[in-house]
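Here is a short tour of the model you have open. Keep the 3D view handy as you read.

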Amino acid sequence: MILSLLITPILGVIGVILCGENTSLQKKVALASSLLTFILSLVLWAGFDNNYNGFQFVSSFPTITTREVIGVDGISLFFVLLTTFIIPTCLLASWDSIKTGVKYFLIAFLILETLLIAVFVVLDLLLFYICFESVLIPMFLIIGIWGARERKIHAAYQFFLYTLLGSLFMLLAILVIYFEVGSTDYQVLAVAEISETRQRILWLGFFLSFAVKVPMIPFHIWLPEAHVEASLAGSIILAGILLKLAGYGFLRYSIGVLPDASVFFTPLVYSLSVISIIYSSFTTLRQIDLKKIIAYSSVGHMNIVNLGIFSNTIQGI
């Protein structure tokens with residue numbers, strides 16, 4: 001079932017390519033593919049057992065060096081549903097506004113959908129990192145090529161470089177975890193014994209990556225620019241899903257794999273989150289551009305999410 005969610009957008013990419021230069025047919029094929037993916041996600045939700053506290057629809061497939069495992073639980077299920085709902089919304093929002101390179105625009109969105117779903121269903125830390133970073137490539141193109149304003153190239157590079165450089169710290173942390181535990185399988189890491197001192201160092205590596213993605217003050221510089229310069233569909237996907245990737249990362253990996261360090265650094269997260277909420281709220285009040293209002297208010301609302309995640313209570317999470 002999950003594999004079909006990953007494959008359907010790719011089949012949509014092939015369909016768009018086979019449509020030749022018929023722009024109208026390309027749009028219909030891309031929309032049909034994204035809607036089919038959404039329907040499959042609803043089927044996944046319908047078959048999900050709410051009484052089972054673990055990963056469901058688990059399947060594995062061989063890669064060059066190992067076997068990769070995919071599955072969903074109560075956290076990732078709704079991120080998958082959010083992704084499959086927003087992608088067709090983006091395609092409909094840009095139905096008439098995108099005039100040039102329509103084929104490549106549709107292909108970028110369908111590839112982006114596959115990568116986003118993969119981020120939420122892979123149960124391997126290294127594969128999560130690869131998918132997490134691969135999302136930057138189609139998003140870079142969506143902002144840089146089909147952006148709505150004159151500074152779109154600058155905004156695309158700023159978005160790409162900020163988030164890529166921030167994530168290098170997570171890659172280093174993943175390598176240390178692999179040499180420490182001998183595996184990057186999430187189900188192994190969730191029960192692995194890692195010393196508290198080492199947890200704190202690793203946690204900072206993850207935090208620097210996720211703090212840029214949230215974003216938290218002072219790592220927020222890229223967001224207003226990217227929001228303003230992106231097309232309508234780009235802004236929707238940016239606010240709707242991409243900012244949530246960091247929240248998912250905090251839930252799944254910072255708290256799931258490094259719980260002691262998460263408790264230790266909770267005051268740091270609280271402090272930065274409160275500063276971010278106050279700063280972004282005052283900044284929002286000064287804006288007259290609607291897209292900047294959305295961008296700065298998104299910083300505030302995602303930092304409220306951070307407060308909930310690190311509250312260490314069921315209600316907060």
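Which helix gives the most to the nonpolar patch? That is helix H1, residues 2-18, with six residues. Please keep in mind that this is a predicted model.

**The nonpolar surface patch**
- The patch on the surface is formed by Leu3, Ile7, Ile10, Leu11, Ile14, Leu18 and Ile111.
- Together, these residues have about 620 Å² of accessible area.
- Ile7, one of the patch residues, lies in helix H1.

**The nonpolar core**
- The largest nonpolar core has 97 residues, and those with the most contacts inside it are Phe109, Phe128, Met139, Phe159, Phe206 and Ile237.
- Helix H4, residues 102-121, gives the most to this core, with 15 residues.
- Leaving aside residues up to four places away in sequence, Ile237 touches Ile86, Ile87, Cys90, Phe109, Leu112, Leu116, Met139 and Leu242.
- As general background, nonpolar side chains tend to be buried together in soluble globular proteins.

**Helix H5**
- Helix H5 spans residues 125-134, and eight of its ten residues are buried, so the helix is largely enclosed by the rest of the structure.
- The buried residues in H5 are Leu125, Leu127, Phe128, Tyr129, Cys131, Phe132, Glu133 and Ser134.
- At the start of H5, Asp124 has a side-chain oxygen within 3.0 Å of the backbone nitrogen of Leu126.

Terms used
Residues are numbered from 1 along each chain as its sequence is written. This is a predicted model: local features need pLDDT of at least 70, side-chain atom pairs count only at pLDDT 80 or more; totals for chains, interfaces and linings use all residues. Side-chain values use heavy atoms; hydrogens and water are left out. Buried means under 20% relative accessible area, exposed over 50%, partly exposed in between (1.4 Å probe, protein chains only). Helices (H or I, at least four residues) and strands (E, at least two) are DSSP runs, numbered from the N terminus. A polar contact is a pair of N or O atoms within 3.5 Å; within protein, one must be able to donate a hydrogen and the other to accept it, and residues adjacent in sequence count only if both atoms are side-chain atoms. Patches are made of residues with over 30% relative accessible area and no salt bridge: like charges are joined within 9 Å, nonpolar side chains (Val, Leu, Ile, Met, Phe, Trp, Tyr) within 5 Å. Accessible areas come from the Shrake-Rupley method with a 1.4 Å probe; for residues, only the protein chains shown count as cover. A salt bridge is a side-chain nitrogen of Lys or Arg within 4 Å of a carboxyl oxygen of Asp or Glu. A nonpolar core is a set of buried Ala, Val, Leu, Ile, Met, Phe, Trp, Tyr and Cys residues joined through side-chain atoms within 4.5 Å. Contact means heavy atoms within 4.5 Å.
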